[in-house]
Amino acid sequence: MSTILNLPDQATARVPKRNYLTNENGIMSWLLTGDHKRIAILYLISITFFFFIGGALAGLIRLELLTPQSDLMASDTYNKIFTMHGVVMIFLFLVPSVPATLGNFLIPIMIGAKDLAFPKINLLSWYLYLAGGALTLGAMISGGVDTGWTFTTPMSTHFSNTNVITTGLAIFIAGFSSIFTGLNFIVTLHRMRAPGMTWFKMPLFCWAHYAASILMVLGTPVLAITIVLVALERTVGIGVFDPTKGGDPILFQHLFWFYSHPAVYIMILPGMGVISEVISTFSRKRVFGYTAVAFSSVAIAVFGFFVWAHHMFIMGVSNYAVLVFSLLTMLVAVPSAIKIFNWAFTLYKGSITFETPMLYAFGFMGLFTIGGLTGVFLGTAGTDIHLTETYFIVAHFHFVMVGGMLMAFLSGIHFWWPKLTGRMYPEKISQLAAVVTFIGFNFTFFPQFLLGMLGMPRRYAAYPQEFQVLNVFSTAGATILGVGYLLPMIYLVWSLKYGQIAGNNPWQATGLEWQIQSPPLTENFTTIPIVTQDVYDYEWLERQKEHEVTHVG
Amino acid sequence: MSDSHAVAVAEHGAHEHPAHLRHHFVSLEQQDETASFGMWLFLLTEIMFFGGLFTAYLIYRNWYYPAFVSASHTLSITLGAINTLVLITSSFTMAMGVWCAETKKQKGLIWSLIATIVLGFAFLGIKTVEYKEKFEKHHVPGSSFSIQSFVHPVAEDGKAADKALPADTAARTEVYFSLYFAMTGMHAVHMIVGIGLLLMMLVQAIRGAYSHGNIAFVENFGLYWHFVDLVWIFLFPLLYLISRH
Amino acid sequence: MGLSPVIWQFLVKWMVSFAIIPPEASRIAPQVDALLVFMTLVSLVGLTLVGLLVTAFSILYRRDRNPVPTQIEGSTLLEATWTIIPLGLFLIMFVWGSVLYFRIYTPPPNAMNIYVVGKQWMWKAEHPGGQHEINSLHIPIDKPIQLTLISQDVFHSFSIPAFRVKREAIPGRYTTVWFEATTPGTYHLFCTQYCGTAHSAMIGDIVVQTPEDYKMWLAGSTSGVSLAQNGERLFSSLSCGACHNGQPDARGPSLANVYGSKLTLTTGSPVLVDEAYLRQAILNPSAHITQGYAPIMPTYQGQISEEGLISLVEYIKNLNSNYRVQQTLNTTELLPEQPDKGAAKGAAMQGVAKP
């Protein structure tokens, strides 16, 4: 099978001596860096760490669910483990996964800037993330927390005697990390674009991050104040959410989901940005309907703020509110459909190759389509009653978050690995890993749709006998999935030393990031580029190459 | 906007970097614009932060209006009004400070900052007096909260006593005081952060750090200070002036 | 090499009992399933379409076959197609689903009401005839049953997968759901809202019986005092009758026929008197004063348990002549002879919260 891979002559090629990795040495040069690329690497290491903690917790959950009784651990322990799994995976992995690593690394380069607008705030946001992570770990080690990541009142305020405050504080701090990242991106995209880089010449990766950043900046503060109120209620005993004092626990639900629903889009939008870049590059074509894809990101961000109450259909909100929120939920599903079809049609009349990033992207399209469509089952009020709070919802958001976002993250990591490190990952084994991940994923989570249809409730340490077979399938699949995630860890580390030299533009891609050396210089560009070409302009790229050739000849 | 960038690039060629131009910006205009854009965005997140509290307030005020009215009558409008005046004045002195910085009047800047700090402390001082009274009257939500003063009101300081509330209505005043402390408390936290930054700026100003045109920090802090002031402008009528038209 | 016997057993068991949907045991279940089938079909078509497009293009336009790509801007027509068709389909689902939603949460007026109190970690059901159950619920077939739910502590959720219904039990307010069982049998009852340590043990059985069996069960498990009778005793032990005595010069409004009526409050706002209103009026009377009366009623917050409140509400409902007739049709005929007074008095005290 042919490939677009275009590597320099390995005998003579060298990773450039001067680059952002070698520019300065010593641990302090990393810990005090203002360079967005180094901060991205710091983030990459830390989120991988937390991904493994979250993944290990997931493994324990699946092991416990192998049998109907709660025999591996007591139900209290189980409750703490799934709570921690949720908190770690959502706030410490999924929310920062693509934005804080790839977004941080690439956004300034893609728009021709030397750095993000506020490098110090960028570094601060990493430290806040670490502080949040450390507090979460502290809460976990010193006894854990058992409220579920949703912190439902009055359970979190009056009935749980675990580390709610510490975990809340951790999320509060990590939340500010995400606010600062979002703020930095918005300002950078508005004010730092190179001459000629108009809004509609920006890669769709930037558009997706712009939309996600709006959600981060406007949604996260509401979560922050909600956490403050929960903490005050737990410590001092104020009565904002306490029904015995006249407060309304439903108000907590409203405030919490006002952030936590948009948070879903914070997690998935950057992944969509990755997929746009990858599909375009490996089919050698401009993304079909660029404007439609760009605006669908913004549409998701806007509609995403007005659907939060679909998490509360069975909680006794008024029937008419349910109508409105169900309708808006249907509307927010449409931009996702638009994106899927545009990606599919990007392939039309392309010249397609199947390197690892593309395989992950195909995986994303399939799994995200399932995740999105099952979301419609849940947004439809009548069927939500049966399906909500069961394993159907667990399967649904894992299809979106793990099947969608994690696939996109891995796709992006492989795609930009040569830019990050200057070296290629090994192709054959990584293609294998992509396939293993896809198979393992479906084995793990598809049975959970069936379990949900059958009515198995989520967050159960013990369950009726008849659900066992499907749970065994799911656990078996999880082991395959685990292998799928371990493989990249191993070979990516291996490739740091032994990978082939990548050269500037191994994929023959059009983005500005591919026109500079790999790994880039600390200042990204020696002179600020003046952008004349269109976005995804493969003809321009061809002409550039011819030009170079004639030059040399 | 791309035009202004093109100009900026042209200037870049001249290699006349002022000392405080950060390496990743092409011009001072771009750097300043970026900073103030970032500040406005940050204030937007602050609006969302307080927005959550205001939402809660509006809902409960609708539900428990009589309790909110009675509870708000325990606040001293005089102290609230003085505080409003103090804050507005401090906004004015801050604006003066920004103007002095822009026109490179170092003395003026220093005195404006000092005035703003003094007024900020004055605000917090008055707020402390108000809080203390709430503690004494058992109006702080939590285990020591008591509805006695609403069920059996006593006349004081020549003011006629409010009408006695039935116990169940009086119990709802705890929701009011929860919100009162959450909202004014969050506001006070912002004031304290602001005063900290003001002190830092004062040291810098005495050192002459703002005498060379690098005043983005002062300007953006000004925005923050006005925002905190503005929040109070909303809090005062919402918390103190319920039913007093 | 053969399959390990354990795995073999597993697969056999699975094949024998394979199901992707729980039994349809209520009137609404087939209707919900019809929509589920429709949505599944649409999803399958959509998924197949995306899959086919991606596969076909991947084969037709792979680099080996098509080395030179053709650049295409996009197509407004196509964009419109895949905006409007999904939107149309989603809107069909929206309308269909909303109709079902209203059906599931709008009980018919002739429904028999059973109260359910959730607490960490059990379900307590209170039948109007005075039968109490924990973690189980007996109901007859072919009779609309309304559940009025409330929680004593945290959020719980009352889920019956075989009926396709579920409703959250919330502290401090009543929620309702109704269903009409069609097939006798025993079905799962789950708490689906995470509620703490023993969340997964907060399960029980829904026992659906033929009318004959149900009558036998009712007679066999009666506590001797119906909810309304219990409420009547609470009513007198709390001296409610001192004001609510039905006399024209009474200090409190008459409660006869008040349930289901429309009242005007002193604030001028009209209210419909339902279970939730009655509960609130007992706990927070001063916010629920009927026009023409003075706000003199004390609050009973913290003095009556949720079960006691339920009894009182049921008693007040029973003061309605037509409601009494209706409930008589439903249950009272099934009650045994009047029990002796002593036992009744003990039961009446159950409702009062322990100090």
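## The contact between chains A and C

In this predicted model, the contact between chain A and chain C takes 76 residues from chain A and 78 residues from chain C. On the chain A side, helix 11 (residues 319-346) gives the largest share, with 14 residues. Sorted by class, the side of chain A that touches chain C holds 45 nonpolar, 22 polar and nine charged residues.

## The contact between chains B and C

Chain B and chain C also touch, through four residues from chain B and eight residues from chain C. The residues on the chain B side divide into two nonpolar, one polar and one charged.

## The nonpolar core

The largest nonpolar core has 332 residues. Which residues have the most contacts inside this core? They are A:Ile111, B:Leu179 and C:Val116. Helix 8 (residues 204-235) of chain A supplies the largest share of the core, namely 22 residues. Both domain 1 (20-209) and domain 2 (227-350) of chain C give residues to the core, so the core lies between these two domains.

The surroundings of B:Leu179 can be described residue by residue. When its neighbours within four places in sequence are left aside, B:Leu179 is in contact with A:Val240 in chain A, and with B:Leu53, B:Ala56, B:Tyr57 and B:Tyr60 in chain B.

## Chain A

Chain A has 17 helices and zero strands. Its radius of gyration is 23 Å, close to the 24 Å that the globule rule gives for 553 residues, so chain A is as compact as a globular protein of that length. The C-alpha trace of chain A spans about 80 × 45 × 45 Å along its principal axes. Of the 553 residues in the chain, 67% count as buried. Among the contacts in chain A with a separation of 6 or more, 85% are between residues 24 or more positions apart.

Is helix 3 of chain A mostly covered or mostly uncovered? Helix 3 is mostly covered, as 17 of its 20 residues are buried. As a general point on such elements, an α-helix has 3.6 residues a turn, so residues three or four places apart point the same way.

## Chain B

Chain B is built with nine helices and zero strands. Read from the N terminus on, its elements run α-α-α-α-α-α-α-α-α. Buried residues make up 38% of the 245 residues in chain B. For contacts in chain B with a separation of 6 or more, residues 24 or more positions apart account for 73%.

## Chain C

The secondary structure of chain C comes to nine helices and twelve strands. This chain is divided into domain 1 (20-209) and domain 2 (227-350). The C-alpha centres of domain 1 and domain 2 of chain C lie 35 Å apart.

Of the 355 residues in chain C, 41% are buried. Residues 24 or more positions apart account for 72% of the contacts in chain C with a separation of 6 or more.

## Cis peptide bonds

Where do cis peptide bonds occur? In chain A, the peptide bond from A:Thr153 to A:Pro154 is cis, with omega near 0°. A:Pro154 is placed in the loop between helix 5 (119-141) and helix 6 (155-159) of chain A. In chain C, a cis peptide bond joins C:Gln120 and C:Trp121, with omega about -10°. C:Trp121 lies in the loop between strand 1 (112-119) and strand 2 (122-126) of chain C.

## Residues with positive phi

A:Arg459 is not a glycine, yet it has a positive phi of about 60°. This residue lies in the loop between helix 15 (427-454) and helix 16 (468-498) of chain A. Is A:Arg459 buried or exposed? A residue counts as buried if 20 or more other C-beta atoms lie within 10 Å of its own. A:Arg459 has 23 other C-beta atoms within 10 Å, so it is buried.

C:Asn257 likewise is not a glycine and has a positive phi of about 60°. Its place is the loop between helix 5 (227-237) and strand 11 (262-264) of chain C. With 13 other C-beta atoms within 10 Å, C:Asn257 is partly exposed.

How values were computed: Residues numbered from 1 in each chain as written. Chains lettered and ligands numbered in written order. Predicted model: local features only at pLDDT ≥ 70, side-chain atom pairs only at ≥ 80, totals over all residues. Domains from an automatic or database assignment. Helix = DSSP H or I, 4+ residues; strand = E, 2+ residues; numbered from the N terminus. Rg over C-alpha atoms; globule rule 2.2 N^0.38 Å. Buried ≥ 20, exposed ≤ 12 C-beta atoms within 10 Å, placed from the backbone. Contact = placed C-beta atoms within 7 Å. Nonpolar A, V, L, I, M, F, W, Y, C, P; charged D, E, K, R; others polar. Core = buried A, V, L, I, M, F, W, Y, C linked by C-beta atoms within 7 Å.
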